Amino acid sequence: MLLAILLQAVSEGAGLGILGAGIGAGLVALGAGLGIGRIGGSAMESIARQPEASGRIQTAMIIASALIEGVTLFGVVVCLLIAIA
């Protein structure tokens, strides 16, 4: 339903829709970069405090980063669909 409303708004004002899609894609990428950077920093701090748990920490960090990347890809695809329609 929300996607249909957004697509209708884009068809009425194509310039603003493309601008909004570009800003949305940029915000998605910015949020993902900040999130993954924060995960990496926290993981390095945790490994420095407990080197014996580095394997488990690294595994959890990689899984969390992959989930963030998945959400980012979804957000960028939605923004591109809005820009194309």
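**Exercise 1. Which residues does UniProt list for "transmembrane region", and what is the chain like there?**

Step 1. The unreviewed UniProt entry lists residues 23-41 and 62-84; such positions follow the numbering used here, feature names are shortened, and annotations may be inferred rather than shown by experiment. Before going on, note that this is a predicted model, where local features need pLDDT of at least 70 and side-chain atom pairs count only at pLDDT 80 or more, while totals for chains, interfaces and linings use all residues. Residues are numbered from 1 along each chain as its sequence is written, and side-chain values use heavy atoms, leaving out hydrogens and water.

Step 2. Residues 23-41 are 100% helix and 0% strand, with end C-alpha atoms 27 Å apart. Helices here are DSSP runs (H or I, at least four residues), as strands are (E, at least two), numbered from the N terminus.

Step 3. Residues 62-84 are also 100% helix and 0% strand, and their end C-alpha atoms lie 33 Å apart.

**Exercise 2. Find the salt bridge and describe its partners.**

Step 1. Look for a side-chain nitrogen of Lys or Arg within 4 Å of a carboxyl oxygen of Asp or Glu. By this rule the count is one.

Step 2. The partners are Glu45 and Arg49, at 3.0 Å, N to O.

Step 3. Both sit in helix α2 (residues 14-49), four residues apart, about one turn of the helix. An α-helix has 3.6 residues a turn, so residues three or four places apart point the same way.

Step 4. Now check exposure: buried means under 20% relative accessible area, exposed over 50%, partly exposed in between (1.4 Å probe, protein chains only). Glu45 is partly exposed at 44%, and Arg49 is exposed at 65%.
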